[in-house]
Protein chains: 2
Amino acid sequence: MKKGSRIVIIGSGNVAEALCRAIPAAGYEVVQVFARNPERGKALAGIAGCDWENRPEKLSEADLYILSVSDKAIPELSTLLDFGNGLVVHTSGSCGLEELSSGIARRGVFYPLQTFTAGREVSFRGIPLFIEATNEEDYKLLEGLASALSDSVYRSDSILRRKMHVAAVFVCNFVNDLYVIGEQWMQSNGMDFSVLKPLIAETTRKMLDSPSPLSVQTGPAVREDRPTIEKHLQLLENYPDLKTIYEVLTEHIINMKKTADGKL
Amino acid sequence: MKKGSRIVIIGSGNVAEALCRAIPAAGYEVVQVFARNPERGKALAGIAGCDWENRPEKLSEADLYILSVSDKAIPELSTLLDFGNGLVVHTSGSCGLEELSSGIARRGVFYPLQTFTAGREVSFRGIPLFIEATNEEDYKLLEGLASALSDSVYRSDSILRRKMHVAAVFVCNFVNDLYVIGEQWMQSNGMDFSVLKPLIAETTRKMLDSPSPLSVQTGPAVREDRPTIEKHLQLLENYPDLKTIYEVLTEHIINMKKTADGKL
């Protein structure tokens with residue numbers, strides 16, 4: 001995709017917002033933000049430096065339409081809108097390319113493997129982008145845009161993309177849930193969650209600096225320190241969901257250790 | 001504890017190493033590293049700028065003995081050694097003060113809530129220290145040392161300390177296990193783990209910048225996006241342990257969301 005190509009962003013979620021920042025910065029033109037929600041749509045149009053629209057008949061002509069909406073809205077919206085001869089991509093990790101209406105001649109996927117938050121800027125440069133298109137010419141167009149945004153571009157079919165999404169659920173969504181547990185546990189014991197923050201920061205920093213997370217695993221499970229594990233389970237007696245999570249992850253760590261030891 | 005007080009570090013693990021760096025830097029004197037393992041013991045003595053010893057009869061006289069050994073070695077070692085009239089503390093999150101031999105007149109606990117790794121320097125300034133002693137005078141001595149090392153010092157009995165240790169298991173050991181899962185999942189799909197690193201870094205950074213981890217939870221579970229969850233579970237069909245972890249954490253996130261919504 002050549003610089004100066006006309007791009008329409010459809011949707012006003014966190015991924016759409018991130019694209020509204022990154023695409024103009026990379027020298028491409030966002031000509032319209034098309035979104036149902038006027039408040040968010042106008043805000044994103046302001047970021048991208050273009051107009052906001054929500055009437056289907058006013059959808060701008062463009063070289064590329066990026067459909068950055070919830071998974072379940074993809075089929076309906078891709079059927080509703082008239083994209084002319086433009087290339088249409090969605091940004092979902094778990095939806096196939098075929099979730100885009102088969103009436104669209106040129107289809108693709110543009111999936112950024114990152115967690116996006118409204119109002120928070122992230123550099124696209126390091127974000128892995130998984131792209132796919134129905135024909136090689138369109139793939140090359142998408143690759144051009146992707147390479148302008150990021151140093152980490154991968155060709156990916158729906159299965160690989162979905163597998164990457166599963167990985168993201170484990171290392172992002174589930175990790176954050178453990179932070180949620182940490183916060184609630186601290187509060188229920190009259191302690192401030194901030195007490196855990198140095199430990200949380202160092203845990204991730206240390207792993208990122210290490211050759212492998214397996215090499216920096218610490219704690220009672222990897223030591224198979226059953227007396228400590230038992231004491232912890234007693235403290236969790238009145239929190240059956242936390243107890244289950246503790247047991248399941250502890251057994252996984254013990255099994256990982258055994259497998260790793262067996263390999264040596 | 002006054003600056004210039006004589007301190008002996010017993011043990012040569014990762015916590016002992018961190019103390020050998022931090023204590024002299026705070027103006028206290030480590031007069032001896034007492035450790036079974038000569039190689040590690042000498043290395044730590046080198047860091048602390050003192051001698052290494054492993055013969056019980058050669059244990060140096062000191063104001064404070066910090067027993068930084070594995071939980072199960074605490075009772076035996078505290079019985080074996082003659083500490084004279086020195087104050088003796090252990091550094092374990094899950095052991096009670098009474099794990100130190102009752103023959104010791106002055107006992108305490110000095111628990112740093114952090115993950116320590118051999119060869120890796122961490123600033124003690126932000127590390128929460130949980131301290132305890134059998135009498136108020138010794139508590140004040142420990143508090144003096146703790147305050148010289150860290151801005152975050154808490155009086156803590158065995159129960160609170162153990163609860164903090166449980167929190168650490170969730171936000172450190174279990175988080176790292178999710179990274180291990182991420183690495184193995186990527187490898188088994190022919191992808192490099194490094195692809196996940198920008199997502200991992202941003203997930204933790206974002207949470208640390210947020211008012212609460214609950215406010216930044218993303219992913220299919222918090223959206224209760226059952227079709228995506230089902231697709232993910234299909235991909236995990238041949239990995240029963242990962243499937244269980246996926247199910248348990250997904251249900252927890254859904255329940256947290258419902259509880260939070262109910263509260264609003």
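These legends describe views of a predicted model of chain A and chain B. In this predicted model, local features need pLDDT of at least 70, side-chain atom pairs count only at pLDDT 80 or more, and totals for chains, interfaces and linings use all residues. Residues are numbered from 1 along each chain as its sequence is written, chains are lettered from A in the order in which they are written, and side-chain values use heavy atoms, with hydrogens and water left out.

**View 1. The fold of chain A.** Eight helices and eight strands make up the secondary structure of chain A; helices (H or I, at least four residues) and strands (E, at least two) are DSSP runs numbered from the N terminus. Along the principal axes, the C-alpha atoms of chain A fill a box of roughly 65 × 45 × 30 Å. Of the 264 residues in chain A, 58% are buried (under 20% relative accessible area, 1.4 Å probe, protein chains only). Among the contacts in chain A with a separation of 6 or more, 54% join residues 24 or more positions apart; contact means heavy atoms within 4.5 Å.

**View 2. The interface between chain A and chain B.** Chain A and chain B each bring 85 residues to the contact. The buried area is about 8,400 Å², with 69% from carbon and sulfur atoms; this is the accessible area (1.4 Å probe) lost when the two parts are put together, summed over both. In chain A, Phe170(A), Val171(A) and Leu199(A) lose the most area to chain B, together 8% of what that side buries.

View 3. Four salt bridges are counted between chain A and chain B (a side-chain nitrogen of Lys or Arg within 4 Å of a carboxyl oxygen of Asp or Glu). Arg120(A) forms a salt bridge with Glu202(B), with the closest N and O atoms 2.7 Å apart. On the side of chain A that touches chain B, α5 (158-188), α6 (197-209), α7 (226-235) and α8 (240-263) each supply at least two residues. The largest share, 26 residues, comes from α5(A).

**View 4. The axis relating the two chains.** Chain A can be laid on chain B with an RMSD of 0.0 Å by a turn of 180° and a shift of 0.0 Å along the axis, superposed by least squares on the C-alpha atoms of residues with pLDDT of at least 70 in both. That is the relation of a two-fold axis. Val175(A) comes closest to the rotation axis of the residues of chain A, at 2.8 Å (C-alpha). The copies meet through the same surface, because 100% of the interface residues of chain A are also interface residues in chain B.

Conventions. Buried < 20%, exposed > 50% of the residue type's maximum accessible area, 1.4 Å probe, protein only.
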